[in-house]
Amino acid sequence: MATNSQSVDLVDGDVVRSFARAALLAALISATAYVSIPIPISPVPFTLQVLFVCLAGLVLGPVWGSVAMILYLAAGAIGIPVFSGGNGGIGHLFGHTGGYLWSYPVAAFVIGAMVHRGRTLKDVSAVSIPVLAVSLLAGLTLIYGIGVPWLAWVLEIGLAEAVSLGAAPFIPLDLVKLAAAAAIVKSGRIDTV
Amino acid sequence: MLTYEPDDTLAHRLDPRSKLAVQIGFAASALAHTTPHALVVLTGLALGLLWSARVPLRQALYAYRYALPLLALAPLISAITLGAPWFDPRAAIAPALASYRVLLIILVSAAYIRSTPVRDSRAAIQRTVPGKPGQLLGMGVALVFRFLPLLRQDLETIRDASDARLGTERSLLERVVHIGTVSLERAFIRADRLSLALQARCFAWNPTLPPLALTRRDAPAFALAGVLVVTVLL
């Protein structure tokens with residue numbers, strides 16, 4: 001063990017609290033990679049990752065929300081089994097789903113920035129439905145806006161084919177997740193401040 | 001599932017930083033080249049990397065089986081055309097080669113996962129990423145690793161409790177709202193307890209890190225990573 005003779009530089013209380021929440025949210029989005037709610041009509045597995053990307057921005061704000069997503073990607077990169085299907089590895093960040101993964105911190109930041117309008121967090125349950133809807137839709141657009149062209153580029157397929165493979169089957173269910181994210185924060189059961 | 005296994009292979013003796021560099025180099029090279037010739041070379045290299053950590057190919061393929069259907073679908077969808085000739089196999093060639101390189105990029109990670117414990121990866125992050133962001137990133141991934149099993153259990157409990165109360169009869173939206181709310185509430189209760197515990201134990205920006213040392217053995221690995229990155233320009 002290396003020895004260190006400098007004095008301890010303590011982390012501030014509010015940073016510790018936000019950091020712990022970001023780390024646990026990253027662990028929670030990782031845990032949802034294993035849970036899929038089976039739906040009889042669709043062959044596409046229904047996972048909750050997009051829900052928690054939205055909640056990260058809404059509940060933790062732009063800064064810590066994107067920190068949570070970066071922690072999630074870093075955990076996956078060093079091989080902790082956090083990506084869908086219960087796998088890890090830095091290869092996923094460069095693979096066909098890499099675009100979606102890279103878009104998560106950006107989407108969490110944009111959702112957080114549109115809802116909180118700054119670094120100080122607001123009470124999300126008091127935010128109006130139209131603001132929530134617009135920011136969540138902007139987040140979802142970003143996820144597909146980065147994920148689908150990446151998919152097309154990496155697999156060398158056309159954009160239309162990438163949409164049919166990597167967006168069309170998922171979007172209806174993602175809209176359910178956006179509605180759920182709005183309902184969860186409006187319920188007032190999750191405190192942000 | 002792939003996970004760290006103690007062993008004494010070549011990959012186990014390398015520093016995590018050099019292994020990460022090789023993977024990034026491999027991904028960069030594979031993303032730049034999809035000619036059959038390049039893919040033969042990359043396949044040989046990927047098999048060599050898996051061998052260096054003694055990961056059986058079958059095990060690696062099995063672990064990443066969820067990625068396979070989509071990678072197989074991409075060339076198929078490209079071959080299907082609206083109108084005559086309906087199915088054009090020539091259109092499937094480029095996507096098939098591209099899908100194959102993605103498979104190689106993902107497979108190579110298996111060698112790193114089997115040969116690197118999380119605490120070493122964490123130390124590598126904290127030594128490589130400078131300043132406070134590096135400390136938070138390293139601590140954060142360690143916490144994700146620690147809490148992942150607990151939160152998985154929480155999710156299972158929530159689902160079981162919901163199923164026992166006929167939760168399966170509710171609409172999809174209601175189920176998602178329920179599982180999302182309860183799991184987030186529980187995660188944040190855990191987070192607030194954790195932050196108190198961290199402060200009680202002097203959570204600091206300058207912790208003592210686990211030992212990690214680059215040795216002469218890492219030089220060839222860095223050289224390989226460098227060569228792979230240079231091939232992007234070819």
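# Briefing: helices in chains A and B

In chain B, take the contacts (heavy atoms within 4.5 Å) between residues at least 6 apart in sequence: 76% of them join residues at least 24 apart. This is a predicted model, so local features need pLDDT of at least 70 and side-chain atom pairs count only at pLDDT 80 or more, while totals for chains, interfaces and linings use all residues. As for bookkeeping, residues are numbered from 1 along each chain as its sequence is written, chains are lettered from A and ligands numbered from 1 in the order in which they are written, and side-chain values use heavy atoms, with hydrogens and water left out.

**Chain B as a whole**

- Chain B has ten helices and zero strands; both are DSSP runs numbered from the N terminus, with helices being H or I of at least four residues and strands being E of at least two.
- Read from the N terminus, its elements go α-α-α-α-α-α-α-α-α-α.
- The radius of gyration of chain B is 23 Å, but a compact globule of 234 residues would have one near 17 Å. That radius is taken over C-alpha atoms, and the globule rule is 2.2 Å times the number of residues to the power 0.38.
- Along its principal axes, the C-alpha trace of chain B spans about 60 × 55 × 30 Å.
- Of the 234 residues in chain B, 48% are buried. Buried means under 20% relative accessible area, exposed means over 50%, and partly exposed is in between (1.4 Å probe, protein chains only).

**Chain A as a whole**

- Chain A comes to seven helices and zero strands, and from the N terminus on they run α-α-α-α-α-α-α.
- Its radius of gyration is 18 Å, which agrees with the value near 16 Å that a compact globule of 193 residues would have.
- Taken along the principal axes, the C-alpha atoms of chain A fill a box of roughly 55 × 45 × 30 Å.
- Buried residues account for 58% of the 193 residues in chain A.
- For contacts in chain A with a separation of 6 or more, 69% are between residues 24 or more positions apart.

**Helix pair H2 and H3 of chain B**

- Two packed helices are described by the angle between their axes and the distance between the axes.
- Helix H2 (residues 16-32) of chain B and helix H3 (residues 36-52) of chain B have axes that come within 12 Å and cross at roughly 160 degrees. Axes here are lines fitted to C-alpha atoms, for helices over the stretch in contact, and angles run from 0 to 180 degrees between N-to-C directions.
- That makes H2(B) roughly antiparallel to H3(B). The labels go by angle: under 35 degrees is roughly parallel, over 145 roughly antiparallel, 65 to 115 roughly perpendicular, and the rest oblique.
- The crossing of H2(B) with H3(B) is left-handed. A crossing is left-handed if the near helix is turned anticlockwise from the far one by less than a right angle, and right-handed if clockwise.
- On the H2(B) side the contact is made by B:Val22, B:Phe26, B:Ser29 and B:Ala30, and on the H3(B) side by B:Leu42, B:Leu45, B:Ala46 and B:Leu49.
- Those contact residues divide into seven nonpolar, one polar and no charged. Ala, Val, Leu, Ile, Met, Phe, Trp, Tyr, Cys and Pro count as nonpolar, Asp, Glu, Lys and Arg as charged, and the others, Gly among them, as polar.

**Helix pair H4 and H5 of chain A**

- H4(A) and H5(A) pack with their axes 8 Å apart, at an angle of about 160 degrees.
- That makes H4(A) roughly antiparallel to H5(A).
- Their contact residues come to 21 nonpolar, six polar and no charged.
- H4(A) passes H5(A) in a right-handed crossing.

**Residues to look up**

- A:Leu142 sits in helix H5 of chain A and is partly exposed, at 25% relative accessible area.
- Not counting residues up to four places away in sequence, A:Leu142 touches A:Ser103, A:Val106, A:Ala107 and A:Val110.
- A:Leu142 and A:Val106 are 36 residues apart in sequence, and their C-alpha atoms are 7.7 Å apart in space.
- B:Ser183 is in helix H9 (residues 172-200) of chain B, and at 3% relative accessibility B:Ser183 counts as buried.
- Leaving aside neighbours within four places in sequence, B:Ser183 is in contact with A:Leu28, A:Phe52, B:Leu155 and B:Ile158.

**Positive phi without glycine**

- A:Arg117 is not a glycine, although it has a positive phi of about 50 degrees.
- You'll find A:Arg117 in the loop between helix H4 (98-116) and helix H5 (129-155) of chain A, where A:Arg117 counts as exposed at 60% relative accessibility.
- B:Arg54 is a residue other than glycine with a positive phi, near 55 degrees.
- B:Arg54 lies in the loop between H3 and helix H4 (57-63) of chain B and is exposed, with a relative accessible area of 53%.
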